[in-house]
Amino acid sequence: MADLAVLEDPKMRRVNEKHGDDHGVNLGKLRALAKQLKTQQDLSRELWATGDTAARLLSLLICRPKAFERDELDTMLREARAPKVHDWLVNYVVKKSPYAEELRLSWFDDSHPVVASAGWALTTERVAKKPEGLDLPGLLDIVEAEMKDAPDRLQWAMNHCLAQIGIEHPEYRARAVDIGERLEVLKDYPTPPNCTSPFAPAWIAEMVRRKEAG
């Protein structure tokens with residue numbers, strides 16, 4: 001915790017707080033510290049238990065993803081608070097867990113939108129890597145009906161799933177683009193030059209172009 005306090009930068013904290021992340025640690029420096037510590041599951045649990053956002057991010061970098069029980073991961077997700085902690089927990093830990101599919105199914109319909117967004121993130125991973133058994137038209141139906149009015153983080157996760165279906169599955173591409181164009185979710189999202197817009201039709205077009213060019 002003392003090492004993390006040394007890395008705290010008030011300017012970075014102000015930037016991060018705009019995104020709901022209450023920490024001021026440069027993530028490159030955080031990763032360097034994690035590299036020194038290597039994998040330490042007990043320390044990871046202790047860092048998580050502090051409730052401090054920077055400590056939790058470090059905890060997720062030094063943990064052993066397969067060492068967590070299903071209920072432990074469920075509790076951690078519900079405690080995650082900060083968007084970056086939530087994002088790293090899902091991407092660095094849950095996706096590598098033997099309980100990933102079980103948790104995907106249980107979170108997908110959760111009444112809490114942030115928990116549901118984790119279910120959608122895991123579904124998006126399957127759309128890209130293991131779509132067998134997924135009801136893709138059914139997912140598009142839900143997106144079409146619910147994405148426009150979904151809370152921010154759930155909306156973002158649904159939009160990612162919509163784009164991924166359009167990118168990876170040519171047979172559903174026209175419908176995915178049509179849904180995106182009609183709903184206009186993230187159409188005006190400020191996108192820096194040389195970055196791909198998160199607006200699904202633009203995102204799909206750019207990623208398909210890259211695939212075909214590659």
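Leu186 lies in the loop between H12 and H13 of this predicted model. Most residues other than glycine have a negative phi. Leu186, which is not a glycine, has a positive phi of about 65°. With a relative accessibility of 17%, Leu186 falls under the 20% cut-off and is therefore buried.

The relative accessibility of Lys38 is 59%, over the 50% cut-off, so Lys38 counts as exposed.

Another loop residue, Glu8, is located between helix H1 (2-7) and helix H2 (10-17). Glu8 has a relative accessibility of 30% and is therefore classed as partly exposed. Apart from its neighbours within four places in sequence, Glu8 is in contact with Arg13, His23, Gly24 and Val25. The C-alpha atoms of Glu8 and Asn26 are 7.7 Å apart, while the two residues are separated by 18 residues in sequence.

Two packed helices are described by the angle between their axes and the distance between the axes. For helix H5 (residues 53-62) and H7, the angle is about 5° and the axes are 10 Å apart. Because angles under 35 degrees count as roughly parallel, H5 and H7 are assigned to that class. The H5 residues in this contact are Thr53, Arg56, Leu57, Leu60 and Leu61, and their partners in H7 are Lys84, Val85, Trp88, Leu89, Tyr92 and Val93. The contact of H5 with H7 comprises eight nonpolar residues, one polar residue and two charged residues.

One of the H5 residues that meet H7 is Arg56. At 7% relative accessibility, Arg56 is under the 20% cut-off and so counts as buried. Outside the four places in sequence on either side, the contacts of Arg56 are Leu47, Trp48, Gly51, Glu79, Ala80 and Val85. Among these, Val85 belongs to the set of H7 residues that meet H5.

Helix H9 (residues 113-129) contains 17 residues and spans 24 Å from its first C-alpha to its last, close to the 24 Å expected at 1.5 Å a residue. The buried residues of H9 are Val115, Ala116, Ser117, Ala118, Gly119, Trp120, Leu122, Thr123, Thr124, Arg126 and Val127. These buried residues pack against helix H6 (70-79), helix H7 (83-93), helix H8 (100-108), helix H10 (136-146) and helix H11 (152-168).

A search of the whole structure finds zero disulfides. Cys161 has a relative accessibility of 0% and therefore counts as buried. Cys195, at 47% relative accessibility, is between the 20% and 50% cut-offs and so counts as partly exposed.

Methods. Residues are numbered from 1 along each chain as its sequence is written. This is a predicted model: local features need pLDDT of at least 70, side-chain atom pairs count only at pLDDT 80 or more; totals for chains, interfaces and linings use all residues. Side-chain values use heavy atoms; hydrogens and water are left out. Helices (H or I, at least four residues) and strands (E, at least two) are DSSP runs, numbered from the N terminus. The expected span of a helix is 1.5 Å times one less than its number of residues. Buried means under 20% relative accessible area, exposed over 50%, partly exposed in between (1.4 Å probe, protein chains only). Contact means heavy atoms within 4.5 Å. Axes are lines fitted to C-alpha atoms, for helices over the stretch in contact, and angles run from 0 to 180 degrees between N-to-C directions. Angles under 35 degrees count as roughly parallel, over 145 as roughly antiparallel, 65 to 115 as roughly perpendicular and the rest as oblique. Ala, Val, Leu, Ile, Met, Phe, Trp, Tyr, Cys and Pro count as nonpolar, Asp, Glu, Lys and Arg as charged, and the others, Gly among them, as polar. A disulfide is a pair of cysteine sulfur atoms within 2.5 Å.
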